[in-house]
Amino acid sequence: MSTRVLACGGAPAAACRPPEGPWDETPHGAYRLTLPRLGLRFGLPGGYRSVEWFGRGPGESYVDFTAAALVGRYARSIDDLQTHYLVPEENGNHVETRWLRVTGDGLPTLHARAAGSLFDLTARRWTTEDLENARRPTDLRDSGRVWFNLDHAQQGLGSASCGPALPERYRVPVEPTTFGIRLATTTNGEDPPQWGVADPPG
């Protein structure tokens with residue numbers, strides 16, 4: 001799978017890694033698998049506290065779960081972005097994000113902006129692997145970092161537990177994909193100057 005990322009204010013950076021493991025005709029009943037998510041994950045210092053974004057919110061949203069999340073400008077703490085289910089599971093995603101700012105006391109402001117297609121946003125103080133392995137909320141511990149997922153796509157929620165399987169249009173196919181995100185930092189909370197007067201977020 002090939003991915004191109006536009007980073008650091010627009011300077012291109014390329015990353016390429018093919019999918020690992022069997023995706024078609026798997027050993028478990030010859031099932032065909034699709035990706036749960038496709039994007040980038042960043043481990044940021046734990047001092048980051050707040051996120052401001054322009055996209056769907058304020059609650060979580062997924063590609064097949066958007067009606068209750070209106071497009072707008074929102075701000076929340078990292079901790080308030082979590083949806084606390086009795087049995088921990090994937091949560092807190094925000095689809096159709098145009099831009100975001102991440103701030104923390106004494107830390108540079110991190111900016112991300114869509115370059116082409118919009119992106120999904122998830123931020124939490126534990127990794128996705130920690131979330132998957134947790135059996136109760138008390139299993140989730142602050143890792144000392146903030147883990148940001150900026151995804152080109154994430155699989156829909158579906159209703160297979162009590163209804164039909166997830167429709168194909170809400171799945172993430174295993175295929176070469178190109179998407180762009182522009183990243184920058186500032187020390188004064190302002191928009192990055194390289195985005196230009198006519199190109200600020202918001």
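Author: Start with a definition. Buried means under 20% relative accessible area, exposed means over 50%, and partly exposed lies in between (1.4 Å probe, protein chains only). This is a predicted model, where local features need pLDDT of at least 70, side-chain atom pairs count only at pLDDT 80 or more, and totals for chains, interfaces and linings use all residues. Residues are numbered from 1 along each chain as its sequence is written, and side-chain values use heavy atoms, with hydrogens and water left out.

Reader: What is the phi of Glu96?

Author: Glu96 has a positive phi of about 55 degrees, although it is not a glycine. Most residues other than glycine have a negative phi. Glu96 sits in strand 6 (residues 94-97). Strands (E, at least two residues) are DSSP runs, numbered from the N terminus.

Reader: Why is the pair of Trp53 and Tyr74 called tilted?

Author: Rings of Phe, Tyr and Trp (its six-membered ring) pair if their centres lie within 6.5 Å; planes under 30 degrees apart count as stacked, over 60 as edge-to-face and the rest as tilted. Here the centres are 5.6 Å apart and the planes stand at 35 degrees, so the pair is tilted. The structure holds one aromatic pair. Trp53 lies in strand 4 and Tyr74 in strand 5, 21 residues apart.

Reader: Are Trp53 and Tyr74 buried or exposed?

Author: Trp53 has 0% relative accessibility, so it counts as buried. Tyr74 has 16%, so it is buried as well.

Reader: What makes a nonpolar core?

Author: It is a set of buried Ala, Val, Leu, Ile, Met, Phe, Trp, Tyr and Cys residues joined through side-chain atoms within 4.5 Å. The largest one here has 21 residues, and those with the most contacts inside it are Val51, Leu100, Phe148 and Leu150. Elements giving two or more residues to this core include strand 4 (50-57) and strand 10 (145-154).

Reader: Why are strand 3 and strand 6 said to stand at the edges?

Author: Two strands pair if DSSP finds at least two bridges between them. Four strands form an open sheet in the order 3-10-9-6, with antiparallel pairing. Strand 3 (37-45) and strand 6 each have a single partner strand, so one side of each is left without a neighbour in the sheet.

Reader: How many bridges join strand 9 to strand 10?

Author: Five bridges join them. Ala123 has Phe148 in strand 10 as its bridge partner.
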